[in-house]
Amino acid sequence: MSLGSPHIRLRVRNLIEGFPMKKSLLVVAALAIAPFAHSAELIQNGGFEMDGVDSFEPMGWSVFESAAIGGVSATSSNMSPASGYAMAAPVTGDFIGVIDAYNPGAFSLSQQFSTAAVASAVLKFDLFVNDQSDDGIAYIDRSGLDFETGGEFRPNQHVRIDLLAAGADPLDTGAGVLRTFYLGGANGRGFGDNPNRFVSYEFDLGSDLAAGGDYTLRFAAVSNVAAMQVGLDNVSLSVSAVPEPGTYALLLSGLALIGAVARRRI
């Protein structure tokens, strides 16, 4: 039953006639705009807590690994699972997502999602990147996320976070990349027993997802210089849908009711 139906209009009118004028208008206004306030979370298990135990296949996420040693996991440990380096504690909860890029290798942790047209979209995540090399230099090779760099074995040591088109390869750095949120190395100079802390990131994706569709959010790392650890927590993509035509009708009905109440009180 909608706000515009006769029964709802009558019940709202009966409710507000006993209210002072200012309170009445506030009640009706709140009812009118309520449908516009709804938001939805598109990322599953963004805090990596759903498994409840350490897991190499975190629920809701897809894992890709191309390395002899290293891996991707959800863990409650303060040590990286493969390389054994110290890591920051979770921002919230008991678990974090970890890419333990024990060189040489390439890894990705991704999640596909679908959305209708959106009025707004906000991506948030907490991230640390620890680079165990002597100088901490980020090497971004033209080969992308290829730790062999096309067989030439040039230095290639970096992290990237991207919005991908649906169906893109887990290590795609070409046409499948719609937007890049992070491309570089460590987000601090902590390493060894002094790891970097989590840093919070936030991005407006309203224009990127405006038309709706199928997408993939990807966290990836490539390493062939030294071990590198990537930690993730509180990954969130919150969207507000474009209101349907019927929602605007509800708003107009609410505004009309406000006007009617005002006229009755004058």
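Begin by selecting Ser-108, which is buried, with a relative accessible area of 1% (buried means under 20% relative accessible area, exposed over 50%, partly exposed in between, with a 1.4 Å probe and protein chains only). This is a predicted model, in which local features need pLDDT of at least 70 and side-chain atom pairs count only at pLDDT 80 or more, while totals for chains, interfaces and linings use all residues. Residues are numbered from 1 along each chain as its sequence is written, and side-chain values use heavy atoms, with hydrogens and water left out.

Ser-108 sits in strand 5, residues 105–115; helices (H or I, at least four residues) and strands (E, at least two) are DSSP runs, numbered from the N terminus. If you display its contacts (heavy atoms within 4.5 Å), leaving aside neighbours within four places in sequence, you will find Ser-62, Val-63, Phe-64, Val-72, Pro-170, Leu-171, Arg-218, Phe-219 and Ala-220 around Ser-108.

Next, show the sheet as a cartoon: it is an open sheet of five strands in the order 2-5-10-7-8, with antiparallel pairing, where two strands pair if DSSP finds at least two bridges between them. Strand 2 and strand 8 (177–184) stand at the edges with a single partner strand each, so one side of each has no neighbour in the sheet. Within the sheet, strand 5 and strand 10 (residues 213–223) pair in the antiparallel sense over eleven bridges, and Ala-106 can be found opposite Val-222 in strand 10.

The structure holds five salt bridges, and another one to select joins Arg-154 and Asp-141, with the closest N and O atoms 2.7 Å apart. Both residues lie in the loop between strand 6 (118–131) and strand 7 (158–165), 13 residues apart, and together with Glu-152 they are linked in a network of salt bridges.

Now move to Phe-48, in the loop between strand 1 and strand 2, which is buried, with a relative accessible area of 1%. Phe-48 and Trp-61 form a stacked aromatic pair, 5.2 Å centre to centre with 20° between the planes; rings of Phe, Tyr and Trp (its six-membered ring) pair if their centres lie within 6.5 Å, and planes under 30 degrees apart count as stacked, over 60 as edge-to-face and the rest as tilted. One aromatic cluster includes Phe-48, Trp-61, Phe-125 and Phe-219 among its members. The C-alpha atoms of Phe-48 and Gly-97, 49 residues apart along the chain, are separated by 6.1 Å.

Finish with Leu-209 and Leu-237, which touch the most other members of the largest nonpolar core, a set of 37 residues; such a core consists of buried Ala, Val, Leu, Ile, Met, Phe, Trp, Tyr and Cys residues joined through side-chain atoms within 4.5 Å.

How values were computed
Salt bridge = Lys/Arg side-chain N within 4 Å of Asp/Glu carboxyl O.
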